[in-house]
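Colleague: I've just opened this one and I'm new to it. Can you walk me through what's there?

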Amino acid sequence: MLNIKTISASPNPSHPAVIFFHGLDGKSTQTWMENTEDEKTLWPRWLVDDFKCSVFLVDYDAKFSAKKDGVLPLPAQGDEVLEMLASEQALKGRKLILVGHSLGGLVIKAAIQHGLSEGVERFKQVINRVRGVVFIGTPHKGAQLVTLAKHFSPLLKKNAQANNVQRYDTQLSALNEQFLAYHNKLSAGKLSVLTFMETQGIFVGKKMLGFRMGPTVTVIEPDSTNPHVAGQITVPLEANHIGMCKLADKKESLYKSLLQFLKDDVDLSEVLVKTELTSKPSERVLAEA
């Protein structure tokens, strides 16, 4: 069941809302905590002091195991997120920045695509307010999740979402092409994108007599982490797939890059859009010359 948790709601409606989506088998709070027993390590809270915004965490059913009934496939998750964004009163009229770890990034892309294609006016209005998308270890071309799961539990039955993120999945490729088309042609410069990739694998073997026995698996490979957004690179992080979004302090490169992205790219894109809409045709021609 999808829920949205309010970390901080700014009384100023001009302040944007930064919304965090956990990944497969993640949790709305613990995904973003370096120490799951210390609330101070819930680092999305830091943005409240460093950037004028509201902060929200989304919790949705993303268990890897299919033991629990009713887990929605990726397209249905996108629709559910759209409805939540459209109906949540604390988000009304605010610019939106969507941050997704792993599967969360795919859910964001599914929501954007459905908002553009389903002909629902309130969904279109939501997408028009999305000013930034941040992908943290998102498998744009699929992932080694199945390989990883086999090492932990060979008999584990995957749910519909896990089946959606198979390596080289054609639906994921189509979803990314649609996202790129929107970003490059239809968003009119309103949408900024920031992408991070893991550079370390997760050890899935066993330790015997102080030695590691078994493989280290890179969950999301570099070519899958890169959505190939024009004019952007995928920022490498010295962390594995799980640890990349568990930050120890504000000096971590992910936090510094995200904060700079919010202050520069997202706010600047808003200024450029307003300038484009308010300038006269002759002024726009001179500006483009």
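Predicted model: local features only at pLDDT ≥ 70, side-chain atom pairs only at ≥ 80, totals over all residues.

Colleague: What about Cys-245, buried or exposed?

Modeller: Cys-245 is buried, with a relative accessible area of 1%.

Colleague: And how many disulfides does the count come to?

Modeller: The count comes to zero disulfides.

Colleague: OK, stepping back. How many helices and strands are there in the protein chain?

Modeller: The protein chain has 10 helices and 11 strands. There are 289 residues in the chain, and buried residues make up 49% of them.

Colleague: What share of the contacts comes from residues 24 or more positions apart?

Modeller: Taking the contacts with a separation of 6 or more, 81% are between residues 24 or more positions apart.

Colleague: Switching to charges. How many salt bridges are there?

Modeller: The count is three salt bridges. One of them joins the side chains of Glu-39 and Arg-45, at 3.3 Å from N to O. Glu-39 is partly exposed at 46% relative accessible area, and Arg-45 is partly exposed too, at 34%.

Colleague: Which residue does Lys-250 pair with?

Modeller: Lys-250 forms a salt bridge with Asp-50, and their closest N and O atoms are 3.0 Å apart. This pair links distant parts of the chain, 200 residues apart. Lys-250 is in the loop between strand S11 (234–237) and helix H9 (253–278), while Asp-50 is in helix H1 (residues 46–50).

Colleague: How accessible is Lys-250?

Modeller: Lys-250 is at 37% relative accessibility, so it counts as partly exposed. Asp-50 counts as partly exposed as well, at 23%.

Colleague: And what does Arg-122 form a salt bridge with?

Modeller: With Glu-83, where the closest N and O atoms are 2.7 Å apart. Arg-122 lies in helix H4 (residues 121–128) and Glu-83 in helix H2, so the pair ties together parts that are 39 residues apart in sequence. Arg-122 has a relative accessible area of 43%, which makes it partly exposed, and Glu-83 is partly exposed at 31%.

Colleague: Now pockets. What volume does the second largest pocket have?

Modeller: About 180 Å³. The second largest pocket is lined by 12 residues, and those nearest its centre are Leu-74, Pro-75, His-114, Gln-171 and Leu-175.

Colleague: Which helices supply at least two residues of that lining?

Modeller: Helix H2 (74–87), helix H3 (103–117) and helix H7 (170–186) each do. H7 gives the most, with five residues.

Colleague: You mentioned H3. What is Val-107 in contact with?

Modeller: Val-107, which is found in helix H3, is in contact with Tyr-60, Leu-74, Gln-77, Gly-78 and Val-81, leaving aside neighbours within four places in sequence. Val-107 counts as buried, at 0% relative accessibility.

Colleague: Last topic, the backbone. What is phi at Asp-25?

Modeller: Phi of Asp-25 is near 70°, a positive value in a residue other than glycine. Most residues other than glycine have a negative phi. Asp-25 is in the loop between strand S2 (17–21) and H1, and it counts as partly exposed at 45% relative accessibility.

Colleague: And what about phi at His-228?

Modeller: His-228 has a positive phi of about 65°, although it is not a glycine. His-228 lies in the loop between helix H8 (222–225) and S11, and it is partly exposed, with a relative accessible area of 48%.

How values were computed:
Residues numbered from 1 in each chain as written. Heavy atoms only, no water. 1 Å grid on protein atoms, 1.4 Å probe; cavity = no way out; pocket = protein on both sides within 12 Å on 5 of 7 lines; lining within 4 Å. Points joined across faces, edges and corners; volume = space filled by probe spheres on them. Helix = DSSP H or I, 4+ residues; strand = E, 2+ residues; numbered from the N terminus. Disulfide = S-S within 2.5 Å. Buried < 20%, exposed > 50% of the residue type's maximum accessible area, 1.4 Å probe, protein only. Salt bridge = Lys/Arg side-chain N within 4 Å of Asp/Glu carboxyl O. Contact = heavy atoms within 4.5 Å.
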